[in-house]
2 protein chains.
Amino acid sequence: MPDQFTHRGSRRRTLVDRVREALLADLFSNEYSAGDQLPNEGELAERFDCSRATIREAVRGLVDGGYLVRRHGTGTFVTAVPRHRHTLNANLSYTAMIREAGLEPGRRLVHKVTRPATDDEAEALQLPPQEPVLSIERIRTGDGVPVVFSVDRIPVAVLGGALDDVGDSSVYSLLDGLGTSVTEAMASLRPVVADKRLARMLDVPVGSPLLHIEQVDFDAAGRPVMLSAEWHVPDVFELCVSRRRDAPGL
Amino acid sequence: MPDQFTHRGSRRRTLVDRVREALLADLFSNEYSAGDQLPNEGELAERFDCSRATIREAVRGLVDGGYLVRRHGTGTFVTAVPRHRHTLNANLSYTAMIREAGLEPGRRLVHKVTRPATDDEAEALQLPPQEPVLSIERIRTGDGVPVVFSVDRIPVAVLGGALDDVGDSSVYSLLDGLGTSVTEAMASLRPVVADKRLARMLDVPVGSPLLHIEQVDFDAAGRPVMLSAEWHVPDVFELCVSRRRDAPGL
DNA sequence: GAGTGGTCTAGACCACCGT
DNA sequence: CGGTGGTCTAGACCACTCC
């Protein structure tokens, strides 16, 4: 696997990155399988010729990613839970989700227009009133069957001259190219039932359940760069959330 | 605020914990508001009389919790996004969610029984077939109005002698007391429409949308300790997910 | 008690951002 | 350029788990 482990942007690959990638490669090889215990942190530090702090940082990343679990006083183990569920926590690209579900991803452009932002849009995107935004309505398909209808709104100021390129490829890669990569997002979830228009577009009966997601995407500087509304057909892929009980305070 | 910052179980409060809590208290006081920059890590280390590594660990927790953002080369800032939305990521207690929404939480026991686990339950909870589990069906209310119907299943072996106490108070605090605190959970989300039974229990029309959550709760050792099925009435409180784009590798 | 991960320190240097 | 967060080290001690 030559460059399976590219990172976003052009961030320098640190020692921690290299150690993490080496460990991950081990996990995907046949060296380890579910439930196996890793060597202790001291041994790993010696093997990779680095400090234990560096090992801990690398392992932390793999724990966050769901690959490993640490048990105080016992050891570090390879996760037993199946990977490749589609956890909302660390995935932004639906195209990738559809592909991982074993379906051929496709998309159909429904509508694309540049217009002044509505009051709600301006507030969510922290723009002056009436500021122009590009609105793109699309239907995503898996093996030709509709799975998501989405309306994405992006400030024209963010897009610069790349206005016409939107819709052809992933919005996220486009934004990467513009130097305003999305790194964080806040999604709000609500169940709804399909009205006539949604039913027609998603090819489901009127009144059938859909998951509605309203999402704001932020770039590394914390600026909102996109507002999305999505309607998901259930049961095509399983949407999961990994939850924790370690919020500080509260 | 006397004991606002209690932690799960009886884990020792570390220096990092104390620093994090002190910072959080500052954030909730009027000392800082959205967008403000914190003192740099060196100054904080001096103020709290600890090393910079300790400060970084404390701040990391607050960044994970969505309270702060770090910008390399620039500084650490108070998040602009509204806090106190109910992000699924870091909250497990619905009672707390309802209370934070400004409603008076209540619960009504619908059904409680000890019975052999079904095959699905045994698999999810990693139990031998037919192993006895306690099943509790409850309706949670906010200001008396139904907001969630839940079915929680807990292995009797986990509960020990505390079988009768379940239902009176929070399941999570009960498990805390038994030394099997829930620290992690995986939730699967699906929109559904209310059938007759759900409609009656949640006091909504048949066919109205509900959010169905299937969740497995794990203790610190990674053992599954509870399987929950929940049906949420939408719009009572906003369910959010904070999403990231930093999965290592992949 | 032996072995593991968890916390903490003091200090060094690097990479990024703004002026 | 100065100031910020990011990475990294070497070593110490603590807390948990299991035998």
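## Helix α1 of chain A

In this predicted model, the buried residues of α1(A) are A:Val16, A:Asp17, A:Val19, A:Arg20, A:Glu21, A:Leu23, A:Leu24, A:Asp26 and A:Leu27. These buried residues pack against four elements of chain A, namely α2 (41-47), α3, β1 and β2.

The helix itself covers residues 15-28 of chain A, 14 residues in total. From its first C-alpha to its last it reaches 20 Å, close to the 20 Å expected at 1.5 Å a residue.

## Chain A as a whole

Chain A contains eight helices and ten strands. Of its 250 residues, 49% are buried. Among the contacts in chain A with a separation of 6 or more, 55% are between residues 24 or more positions apart.

Strand β5 of chain A, residues 132-142, includes A:Glu137. Is A:Glu137 buried or exposed? A:Glu137 counts as buried because its relative accessible area is 14%, and the cut-off for burial is under 20%.

The side chain of A:Glu137 makes a polar contact of 2.8 Å with the side chain of A:Arg197. Leaving aside residues up to four places away in sequence, A:Glu137 touches A:Arg108, A:Leu109, A:Val110, A:His111, A:Phe149, A:Ser150, A:Val151 and A:Arg197.

## Nonpolar cores

In soluble globular proteins, nonpolar side chains tend to be buried together. Here the largest nonpolar core has 26 residues, and A:Leu88 and B:Leu88 touch the most other members. Residues up to four places away in sequence not counted, B:Leu88 touches A:Leu189, A:Val241 and A:Arg243 of chain A, together with B:Met97, B:Leu239, B:Cys240 and B:Val241 of chain B. Another core, of 18 residues, lies apart from it; its members include B:Ala45, B:Ile55, B:Tyr67 and B:Val78.

## The surface near DNA strand C

DNA strand C is surrounded by 23 residues, of which the closest are A:Arg52, A:Arg56, B:Leu15, B:Val16 and B:Thr54. Of the atoms of DNA strand C that come within 4 Å of the protein, 68% are accounted for by sugar and phosphate. By class, this surface has four nonpolar, twelve polar and seven charged residues.

Two residues of chain B approach phosphate oxygens of DNA strand C. An N or O atom in the side chain of B:Thr54 is 2.3 Å from a phosphate oxygen, and a backbone N or O atom of B:Val16 lies 2.9 Å from a phosphate oxygen. A base is approached by A:His72, which has a polar side-chain atom 3.2 Å from a base nitrogen of DNA strand C. The elements that give two or more residues to this surface are α3 (52-64), β1 (68-71) and β2 (75-78) of chain A, with α1 (15-28) and α3 (52-64) of chain B. The element that gives the most is α3(B), with three residues.

A backbone N or O atom of A:Leu15 lies 2.4 Å from a phosphate oxygen of DNA strand D, while a polar side-chain atom of B:Thr76 lies 3.1 Å from a phosphate oxygen. A polar side-chain atom of B:Arg52 lies 2.5 Å from a base nitrogen of DNA strand D. Two or more residues each are given to this surface by α1 and α3 of chain A and by α3, β1 (68-71) and β2 (75-78) of chain B. The largest share, three residues, comes from α3(A).

## Two aspartates with positive phi

Most residues other than glycine have a negative phi. A:Asp203 has a positive phi, near 60°. A:Asp203 is placed in the loop between α8 (196-202) and β8 (209-219) of chain A, and is exposed, with a relative accessible area of 63%.

B:Asp235 also has a positive phi, of about 75°. B:Asp235 lies in the loop between β9 (224-232) and β10 (239-244) of chain B. With a relative accessible area of 60%, B:Asp235 is exposed.

Definitions and conventions
Residues are numbered from 1 along each chain as its sequence is written. Chains are lettered from A and ligands numbered from 1 in the order in which they are written. This is a predicted model: local features need pLDDT of at least 70, side-chain atom pairs count only at pLDDT 80 or more; totals for chains, interfaces and linings use all residues. Side-chain values use heavy atoms; hydrogens and water are left out. A residue is near a molecule or strand if one of its heavy atoms lies within 4 Å of it. A polar contact is a pair of N or O atoms within 3.5 Å; within protein, one must be able to donate a hydrogen and the other to accept it, and residues adjacent in sequence count only if both atoms are side-chain atoms. Ala, Val, Leu, Ile, Met, Phe, Trp, Tyr, Cys and Pro count as nonpolar, Asp, Glu, Lys and Arg as charged, and the others, Gly among them, as polar. Buried means under 20% relative accessible area, exposed over 50%, partly exposed in between (1.4 Å probe, protein chains only). A nonpolar core is a set of buried Ala, Val, Leu, Ile, Met, Phe, Trp, Tyr and Cys residues joined through side-chain atoms within 4.5 Å. Contact means heavy atoms within 4.5 Å. The expected span of a helix is 1.5 Å times one less than its number of residues.
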